[in-house]
Structure formats: structure tokens, C-alpha cells
Amino acid sequence: MANGFGSLYVGAAGLRTSQTALDITANNLVNIDTDGYVREQVLFTDDTYSFFQSAAVSNQYKGSGVKIADVIHTRDMFLDKAFRSENSRYGFYAASYDAVTEVEAFLQEASGEAFSEALHDLYVSFQEFSKDPSDTVNQNLVVQKASLFLTREQNLYQGLSNYQSTINTKIKDDVTRINDLAKQIHDLNLKIERIEAGKTETAMDLRDQRDFAVDELSKLANITCTETIEGVYHIKLEEKDFIDDFNIYPIGLHTDTVTGFVTPYWPHLSDTTRDDIYPVYNLDNISAAHNTDKGEVKALLLARGDKRGTWYDIDNLSQKDYENGLANSVMMNSEAELDSLTHKIVTAVNDILSPLKTYEGADVTGVDNKGNPVTIKAGMRIADTENCAVGSDGQIPPRELFIRRGCERYTEVTLDDGSKMYVYNEEDTSDSSKVYTTRSLEINQDLVENRTLLSHLTQNNAVDYTLGDKMIAIWEDSSYTLNPSDSTPCTFTGFYTKYIGEVANVGSIYRTTSQSLQNTSSTIDNNRQAVIGVSSDEELTNMIKYQQAYNASSRYINVLSEMIEHLLTAMR
């Protein structure tokens, strides 16, 4: 009888374990589409055995049935590490490719025709002008096409500038998300540590949530993650402590008062009272060789640059400095090269319409039109009043076509002997309004209102056909280069062609690299899913198996129950 009642425990154990297995299988099926969920697997083992009799052949034992040995929550730490590394690198190149794609979209402007046509039309207007500079139709064409060229160039530059601001906003959002993920991971660390402190329970769902958050974080930033014996994740971001047992070190954002661009920095390592910030990211020497080409935020910072690019950011740079600096910023480089083309065209045209020469005489003194004393020294540039053409009003010095908003082309100086000289106001790169750059340029309003004021006559009141020839010559001049890395001189038209080609080449590299890394990270993730993912077919098979085991245990108990009832009835 004792054995009979004891056998009921075997059946009960079968019911319990089968029910637990069914519950775990059902949980797997319910979470089959839950992001970050890791499947749970049941392992069975024999319950305790008790010795009850010695025998000649072997000792005899009685068992208590089956029990749950463990519920496995399996992750492959090596696959996790590999996935996060490739995911971080993919985040870098995907963000870089997105930036180049936007530049390409702006440059295409209806299949790339808008700006290139404006450039070509400006050239054609000078060709027509050279045929008869005195023809008001030709004069009007020059002013009109120059205005169209400048408008389209400024719109293109503004589009690039606006996207820089969009990238800046994206950086803010990403840093906010990084800090949110840090708080989430830190909170999960505390909960997991508290639950698992007794060594009797594993916080599986919480671990799934934490690992999923770390996966997302890996795309945004270059991180290293280690787990302590207490189950706490320690995370370094850009090789600096980010999350530890007790603290998180959130990233701050320093905003530049001039550009509005933000720079991520470590508040706990900075002294903001002295404006001394410790930046999170070192943007020098980013490469696969240094294993630093990781993280979306770093790519966005690099693509955006630290200001709006201008021709003087690229001018006079050595090839090495250019390749290690400006060339790495998609937006700044695109803006600088576009502005460089505009600057070359504008200054070349103005120097023909209102020519300059270098003063080579002895120092002379005088006063400007505001009464301020001026000394003109050898080497200074002045208006070439002897060799310039003039407009219909005969004004000397003649007017320039493109003007700077912040200053006139010349400062009129009345010398001590009563004669006049016109000192050229050199470009001042510390003040963008005094530079021939996209953001400070406009068409001379005098010429817009009266086209005949455009230089076209000699000082003897004859039509100056050589002026037209000089205009054509600047378009045929092939002495221009795109950037310090460009060793092949070209014309203005060739400059723009190279400019478009360079963006396309960079985009092709980023596209190929990002696609390759996406495939790599997807392959690794597929391998991870083979370990941690839920298979509906497998789980449904397990469901049937455990249901049958449950039914078998139930029938076993029913048979034992009937047997015991029969024995008890027979004994009365």
C-alpha cells in the first residue's frame, strides 16, 4: 500500500513538470515577436532516489519521479560581442552614407540641371557680351544670368546648411537617447542584482530588456560591455566609464553661441564655469585600422563639422591637413568646395570689370572719405584707374558686378597733394560680411537698376572689345583645382564636374561599406537568433510533447487511484 501511495508522487511530479514545461512553451510562443526576447528551454532530471532493499545482483531503489533541473536562458556572449561591434560600425557608415545621399540630392536639383545650367548660362552671357559689350541686351543678359547663378548657388548652399542643422538636431536626439538607454540599463542592473542576490532565481525578462537596450546603444556609440559576478553590466563609452555598479555618467551638450552646433561632453570631467569642456569624441584619426569608426553619433559629428564651410577654410591648406581635417566632413567640405567655386568666379569677374594693381611707389599719406588718416604703402592693392573700362556714366573706379554686404570694393583716399587713389578693401576672413563668400554676396544694385553702368567702354568712350575677350578667357583658364588633394587643374566647368564626381565617389564608398557591414551584422544576428530566437515549429512540437506527457501522467494517476480504491474496497 505504501508503494502504491508513493507512486502517486511520481505521477504528481509528472503533472507538475509537464505543466511547468507547457507554461514556459506558451510563454515562448506569446513572445515570438517580442524584440529582444530570449527563448527559455526546460531541462528535466530525475528526482530523489531512496534505497529500500539489498539484492544479490544489485541494490534496489525507489524513485520520486521527475523534476525541473533548470530553465535555460541561453545567450552566446561571443556572438553578442561580435554583433555589437559590427552594429556599431554599421551605425557609423550608415549615418555617413545618409549624409552623402542628402548632399547628392541637393546637387542633383532636378537631375543635376539647375545649378549646372545656371553656371553654363553665365558663361554663355559673357560670350554674347564679348560680341558687342555696348549692346544693352548683352549687358542685361550678363546681369540677369549673374543674378540667377548667384541665387541658385545660394539656394544650394542654404540647402546644405539647413541639412547641417538637421544633423545637429539628430545629434541632440541621439545623445538624449543614449542617456535614456543608460538610465534604463542602470535601473535594470539594480533590479537584476536584487532579484538574483539569493542565487535562487534568474531575472530572465529583465536580462532580455537590458541586452536589447545594449544592442541599441551599440549602434549609437562605440561601447564595451562587461558583466560582473553579481550580474551587473559595466559599460564604457569611447573608452570612458559610462555605467558602473552605482552610477551613470550622462553625456552633456555644449552649444556653440555662433553656429548653434552642439558638442557632446563629459560633465563630470569638465569645468563649465571656465568653459573648459572634456569632449566625448575625438574626431582625429578615425579609421578601421584604429577601430574608431564606430557609432552613429560620431559619424554625425564628423559629417556635420564644426561650422559652415567656406572657401577660406580650404584655401592654403596643405594636402595632409586637408585630408586629416576638412575632407572628412561631408557637409563642411561640400560647402567649402561650392563656396570656393563661387569665390573663384566672382573675384575673377570683378577683377576684370574693376581691375586692380599693386602699388609700387613710395609711401604716400592722405585721408579717407570719413576724414581718417591713411598711409598707402608699397605692396597694397589699389584700383587700376589707368587701364580700366567704364560704364555709361564714366565712373572711376568702375563698379564690380558682385558686391560684399559688409564693405565697398574700394576706400577713396584723398592724398596730401589733392589727387585721389582708391585702396582695395582686402577680404577679412574674421568677418564673413567682408569676404566674397556665398552668405555675404549680392548683385550690385546699381547694375540691376541700370545695366549700362556695367563696364563696356574705354576711357576714350570707345567700345572696349578686349574686355569681352578677357571675360571669355577666365572661363577657358584651366588653372583651378578642387582642393589640396586635387593635382589636375581644370576650368570652372571642370571644377563643378569634379565636385559632383567627388561626392558621388564618397557616396559609393560609404554605400558599399554600409551595405557590407549591414550584411555582416545581419549574418551574426541570424546566428544569434539560432541560439536565442523562438521557433514556432519547435515550440509547437514541444507543446504537443509536453501535453502528451501531462496526459500520460494523468492517466497514470487515474490507474493508481482505481487500483488503490479496489484494494481498499477488497479489504473491507
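For the charge tally I count Lys and Arg as positive and Asp and Glu as negative, leaving out His and the chain ends. I place each charge at NZ of Lys, CZ of Arg, CG of Asp or CD of Glu.

**Ground rules.** This is a predicted model, where local features need pLDDT of at least 70 and side-chain atom pairs count only at pLDDT 80 or more, while totals for chains, interfaces and linings use all residues. I number residues from 1 along each chain as its sequence is written, and side-chain values use heavy atoms, with hydrogens and water left out.

**Charges.** I found 50 positive and 86 negative side chains in the protein, and the centres of the two sets lie 5 Å apart.

**Overall shape.** I looked up the radius of gyration, taken over C-alpha atoms, and got 39 Å. A compact globule of 572 residues would come out near 25 Å, by the rule of 2.2 Å times the number of residues to the power 0.38. The C-alpha atoms fill a box of roughly 145 × 50 × 40 Å along the principal axes.

**Secondary structure.** I list 13 helices and 17 strands; these are DSSP runs numbered from the N terminus, helices being H or I with at least four residues and strands E with at least two.

**Burial.** I call a residue buried under 20% relative accessible area, exposed over 50% and partly exposed in between (1.4 Å probe, protein chains only). On that scale 42% of the 572 residues are buried.

**Helix α3.** Residues 114–131 should span 26 Å, and the end C-alpha atoms are 26 Å apart, so the two agree. Among the buried residues here I noted F115, L119, L122 and F126.

**S18.** This residue sits in helix α1 (residues 2–30) and is buried, at a relative accessible area of 6%. Leaving aside neighbours within four places in sequence, I see S18 in contact (heavy atoms within 4.5 Å) with Y546, A549 and Y550.

**T414.** I found T414 in strand β15 (residues 410–415), partly exposed at 27% relative accessible area. Beyond neighbours within four places in sequence, T414 contacts G366, V367, S419 and K420.

Methods: The expected span of a helix is 1.5 Å times one less than its number of residues.
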